[in-house]
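Work through the exercises below with the sequence and the model at hand. Each task is followed by a solution in steps.

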Amino acid sequence: MIIESILGVKGGDVIAVSPSTSVLEVIEILHRKKIGAVLVVDAGAIIGVLSERDIVQHLSEDGLDALHGQASAIMTAPVITAAPEMSVTEAMGLMTSRRIRHLPVMRGAHLVGLVSIGDLVKHRIEEIEREAEALKSYIAAG
């Protein structure tokens, strides 16, 4: 199975902020939208990913001053991306090896969506459950 199939169900909507957006504003967006990360975009180009993990790390290091900084100061960059044709298993491996939880999906220079490790795991579990049911049906029919 490929990432594009997940985006077909999930959709390609992505929340993005500018580099100058305050960390406090990003926290409000994450809470309101019930998401774990936003893309940081400048002049139409993705320059970083800002996740809950980034915020917690910088709060730990800088204290409450981190809340008043800009998204660009604490985002993760450079951005690691995937193509829609990448397999779910390959994407999970990439995310695990690079220790990231969010993966922008690009078709050439065009952003088509964002998947999280949770999206990939959910999809993989559903796939395994379908395979198990098919095997049970095959055995029962035999």
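A contact means heavy atoms within 4.5 Å. The model is predicted, so to speak of local features a pLDDT of at least 70 is needed and side-chain atom pairs count only at pLDDT 80 or more, while totals for chains, interfaces and linings use all residues. Residues are numbered from 1 along each chain as its sequence is written, and side-chain values use heavy atoms, with hydrogens and water left out.

**Exercise 1. Overall layout**

Task: State how many helices and strands the chain has, and give their pattern along the sequence.

Solution:
- Helices (H or I, at least four residues) and strands (E, at least two) are DSSP runs, numbered from the N terminus.
- The chain has six helices and five strands.
- Along the sequence they follow the pattern α-β-α-β-β-α-α-α-β-β-α.
- Taken along the principal axes, the C-alpha atoms fill a box of roughly 65 × 30 × 30 Å.
- Among contacts between residues at least 6 apart in sequence, 55% join residues at least 24 apart.

**Exercise 2. The nonpolar cores**

Task: Find which residues have the most contacts inside the largest nonpolar core, and list what Val115 touches.

Solution:
- Buried means under 20% relative accessible area, exposed over 50%, and partly exposed in between (1.4 Å probe, protein chains only).
- A nonpolar core is a set of buried Ala, Val, Leu, Ile, Met, Phe, Trp, Tyr and Cys residues joined through side-chain atoms within 4.5 Å.
- The largest core has 15 residues, and Ile3, Leu103, Val115 and Leu120 have the most contacts inside it.
- Helix H1 (3-10), H5, strand S4 (102-107) and strand S5 (110-116) each supply at least two residues of this core; the largest share, four residues, comes from H5.
- Not counting residues up to four places away in sequence, Val115 touches Ile3, Ile6, Leu7, Lys10, Met95, Arg101, His102, Leu103, Val105 and Leu120.
- Another core, of 13 residues, lies apart from it and includes Val17, Val38, Ala71 and Ile74.
- In soluble globular proteins, nonpolar side chains tend to be buried together.

**Exercise 3. The two sides of H3**

Task: Decide which of the residues Asp54, Ile55, Val56, His58 and Ser60 of H3 are buried and which are exposed.

Solution:
- Asp54, Ile55 and His58 of helix H3 (residues 52-62) are buried.
- They cover an arc of only 95° around the axis, so they lie on the same side of H3; the arc is that of the directions from the helix axis to the C-beta atoms.
- Val56 and Ser60, on the other side of H3, are exposed.
- Cover for the buried residues of H3 includes helix H2 (23-33), strand S3 (45-51) and helix H4 (71-74).

**Exercise 4. Backbone angles**

Task: Locate the cis peptide bond, then examine phi of Lys34 and Ala43.

Solution:
- The cis peptide bond joins Ala77 and Pro78, with omega about 0°; Pro78 is in the loop between H4 and helix H5 (88-98).
- Lys34 is a residue other than glycine with a positive phi, near 60°. Lys34 lies in the loop between H2 and strand S2 (37-42) and counts as exposed because its relative accessibility is 75%.
- Ala43, also a residue other than glycine, has a positive phi near 50°. Ala43 lies in the loop between S2 and S3 and, at 81% relative accessibility, counts as exposed.
- Just after H3, Gly63 takes a positive phi of about 70°.
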